Amino acid sequence: MSGLDPLRLTAKVAKRLLVDGEVSAAELAKTYLDQIAAVEPRVKAYIRVTYDNAAKYSTKVDREMQALRGPLAGLPIAIKDNMVTEGVTTTCASRILRDYMPVYTATAVRQVWDDHVVMLGKTNLDEFAMGSSTENSSFQTTANPWDLATVPGGSSGGSAAAVAAGEALWALGSDTGGSIRQPAALCGIVGMKPTYGAVSRYGLIAFASSLDQIGPLTRSVYDCALLLQHIVGRDPRDATSVALPEPVKLPDAERLDGLRVGIPAEYLAAGIEPGVRARFDETVARVEELGGICVEISLPHTEYALPAYYIIAPAEASANLARFDGVRYGYRCEDPVDLLDMYERTRGEGFGPEVKRRIMIGTYALSAGYYDAYYGRAQVVRTLVRRDFERAFAGVDLIALPTTPTVAFRAGSRTADPLSMYVCDICTIPANLAGLPAISIPCGLSDGLPVGFQLIGPAFSENRILQTAHALEGAIGFDTAPAFRDSRLEVRQ
Amino acid sequence: MIGEDDVRYVAKLARLRLEQDEIARMTSELGKILSHIDKMGELDTTGVPPTAHVLDVANVTRADKPSESLPRAEALRNAPAVSDDCFRVPKMG
């Protein structure tokens, strides 16, 4: 009996226990596998739990601990199921890739494997990472461990719920319009989208290539930095990847003296629910208590970021998803009469409703006669959004925003109206459009559900963001253990 | 305003078979989404260049050296149908 509490254990502490010999890698892996056995039937965070791999590999780490003493050796991780893993099926939560067995491994996953991290399994997501609630998975709906009646956010909802529920020590996710930060916020954990290009996208099944970034979901800011250290770097297999100008440092800041934080007036003007606003304002006050200076700023093109995103992301998706045609991998329809029939029925039967919607929007926006009005204009708006940030960062070090306009919402409450789901990402999309690094940390509860506080920085300011988030985290003192309540079962007064 | 014929045409371009009920639903949903997107039209964007890439990097090249690629058997491993070491597909219509 290890006596470890998977709902509160951080990688920082787990690493110390391993190195000091107080716990073995096998015991650590078993802690999470036991928690998976206990709560997974209710949370459904994983598409596949790799029990054998976790048991076998953690034993190997113990046996060869001296030789394998890498900085992450034996620390169990969950991987979003849109990163290819050789020998372990990778589905993107799509029927079209249900049995896909990758023949290579994504660079970011390879990097943590090479550090002897123990993989616990592949986590659920919105199909092809398109969604904000993980309800678009073709296989299962993941529940939020804080209230099982609500969604965990998305699209990395499986990774976020797994960490929050103590089913993983930490996890990797991907963020195209908020898909790491939004579920991290809704599940009360830390999630970071690095600067575009900081982490290789090789082996990340492409959704929108100019926006996609892999990043960590963790229980603390320190853990976030520790995991980020091991996945960044230039990769010859991703021509858009770049080397960070300085290494990622493990944060230790407790004060924010002289730090200038901009608060964009546009976001607070509308759409942020009162409970989220209250926690946000309290956290802004903490920034000042720690010595920071908060100033109001303007990002005037904020309201145009969402429309631009919902052209650019679907346009890139419609091109990226053209490869799923029943020829080289994945699902193929039964008895096609000819090649065109095979393409059309394979895709019609293989993709779910949201993926079809995005392919249609993207194809329409790129089609003759509409290209300039939609795609061309969206890329111009993207320039205006980037210039807003450039202007703001001339006067402030970081920008603070709520991560999401609301706390976790009831499962099923937004699935009928696509636009109501799209607006979930209104506070996270601008950082993707501008390629900027951003983090979400938990800053308290509203109606018993977590609220996320987001910090956005200039390109390559990961260390400044992590230091600031670390100092704030210490001041906030958020307890990451979720309640596992189910508001459906509670008697209404 | 987008109509059912537009949806059928775009679905054809996307090589995506949609059933009649999907076409009706898609027409109404795309109409709503595009009318939200049309908000971009309010902006005066004269002289603003489109974004091609968010970082200041261009023309990333690598040395033109041959290296090993995926073995044929591996490349074919996930194929729904294979014959003579090739991907097998139905005849053209």
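This is a predicted model: local features need pLDDT of at least 70, side-chain atom pairs count only at pLDDT 80 or more; totals for chains, interfaces and linings use all residues.
Figure 1. Leaving aside residues up to four places away in sequence, Tyr104(A) is in contact with Val84(A), Thr85(A), Glu86(A), Tyr202(A) and Gly203(A). Val13(A), by contrast, stands 91 residues from Tyr104(A) along the chain, and the C-alpha atoms of the two are separated by 32 Å.

**Figure 2. Strand β3(A) and its pairing partners.** Strand β3 of chain A spans residues 118-123 and is mostly covered, with six of its six residues buried. Strand β1 of chain A, residues 46-49, pairs with β3(A) in the antiparallel sense through three bridges. Within β3(A), Lys122(A) is the residue that stands opposite Arg48(A). Strand β2 of chain A, residues 76-80, runs parallel to β3(A) and is joined to it by five bridges. Here Ile77(A) has Met119(A) of β3(A) as its bridge partner. Together with helix α5 of chain A (residues 107-114), strands β2(A) and β3(A) make a right-handed β-α-β unit. In a regular strand, side chains alternate between the two faces of the sheet.

**Figure 3. The enclosed helix α8(A).** Helix α8 of chain A covers residues 221-229; eight of its nine residues are buried, so the helix is largely enclosed by the rest of the structure. The buried positions comprise Val221(A), Tyr222(A), Asp223(A), Cys224(A), Ala225(A), Leu226(A), Leu227(A) and Leu228(A).

**Figure 4. Contact between the two domains of chain A.** The domain assignment divides chain A into domain 1, made up of 11-262 + 396-486, and domain 2, covering 302-380. To their contact, domain 1 of chain A contributes 27 residues and domain 2 of chain A contributes 25 residues. The centres of the two domains, taken over C-alpha atoms, are 27 Å apart. Between them, domain 1 and domain 2 of chain A bury about 2400 Å², of which 69% lies on carbon and sulfur atoms. On the domain 1 side, the residues that lose the most area to domain 2 are Ile96(A), Met130(A) and Tyr422(A), which together account for 30% of what that side buries. The count of salt bridges between the two domains is zero.

**Figure 5. Interface of chain A and chain B.** The size of an interface is often given as the accessible area lost when the parts come together. Chain A and chain B bury about 5300 Å² between them, with 68% of this area on carbon and sulfur atoms. On the chain A side, Glu344(A), Met360(A) and Arg377(A) supply 13% of the area buried against chain B, more than any other three residues. The contact draws 66 residues from chain A and 50 residues from chain B. Six salt bridges are found across this interface. One salt bridge joins Glu344(A) to Arg17(B), with 3.1 Å between the closest N and O atoms. Both residues also belong to a network of salt bridges that links Asp341(A), Glu344(A), Arg345(A), Glu349(A), Lys12(B) and Arg17(B).

Figure 6. Over all chains, the structure holds 30 salt bridges. Side chains of opposite charge can pair when their charged atoms come close. An α-helix has 3.6 residues a turn, so residues three or four places apart point the same way.

In helix α12 of chain A (residues 339-350), Arg345(A) and Glu349(A) are four residues apart, about one turn of the helix. Their side chains meet in a salt bridge with an N to O distance of 3.4 Å. Arg345(A) is buried at a relative accessible area of 18%, whereas Glu349(A) is partly exposed at 31%.

Helix α13 of chain A (residues 353-366) holds Glu354(A) and Arg357(A), three residues apart. The closest N and O atoms of this salt bridge lie 2.6 Å apart. Glu354(A) counts as buried at 6% relative accessibility, and Arg357(A) is buried with a relative accessible area of 9%.

In helix α14 of chain A (residues 372-393), Arg391(A) and Asp388(A) are three residues apart. Arg391(A) forms a salt bridge with Asp388(A), the N and O atoms approaching to 3.9 Å. Arg391(A) is exposed because its relative accessible area is 56%, which is over 50%; Asp388(A), at 3% relative accessibility, counts as buried.

Methods: Residues are numbered from 1 along each chain as its sequence is written. Chains are lettered from A and ligands numbered from 1 in the order in which they are written. Side-chain values use heavy atoms; hydrogens and water are left out. Buried means under 20% relative accessible area, exposed over 50%, partly exposed in between (1.4 Å probe, protein chains only). Helices (H or I, at least four residues) and strands (E, at least two) are DSSP runs, numbered from the N terminus. Two strands pair if DSSP finds at least two bridges between them. A crossover is right-handed if, with the strands pointing away from the viewer, the path from the first strand over the helix to the second runs clockwise. Domain bounds come from an automatic or database domain assignment. Contact means heavy atoms within 4.5 Å. Buried area is the accessible area (1.4 Å probe) that two parts lose on being put together, summed over both. A salt bridge is a side-chain nitrogen of Lys or Arg within 4 Å of a carboxyl oxygen of Asp or Glu.
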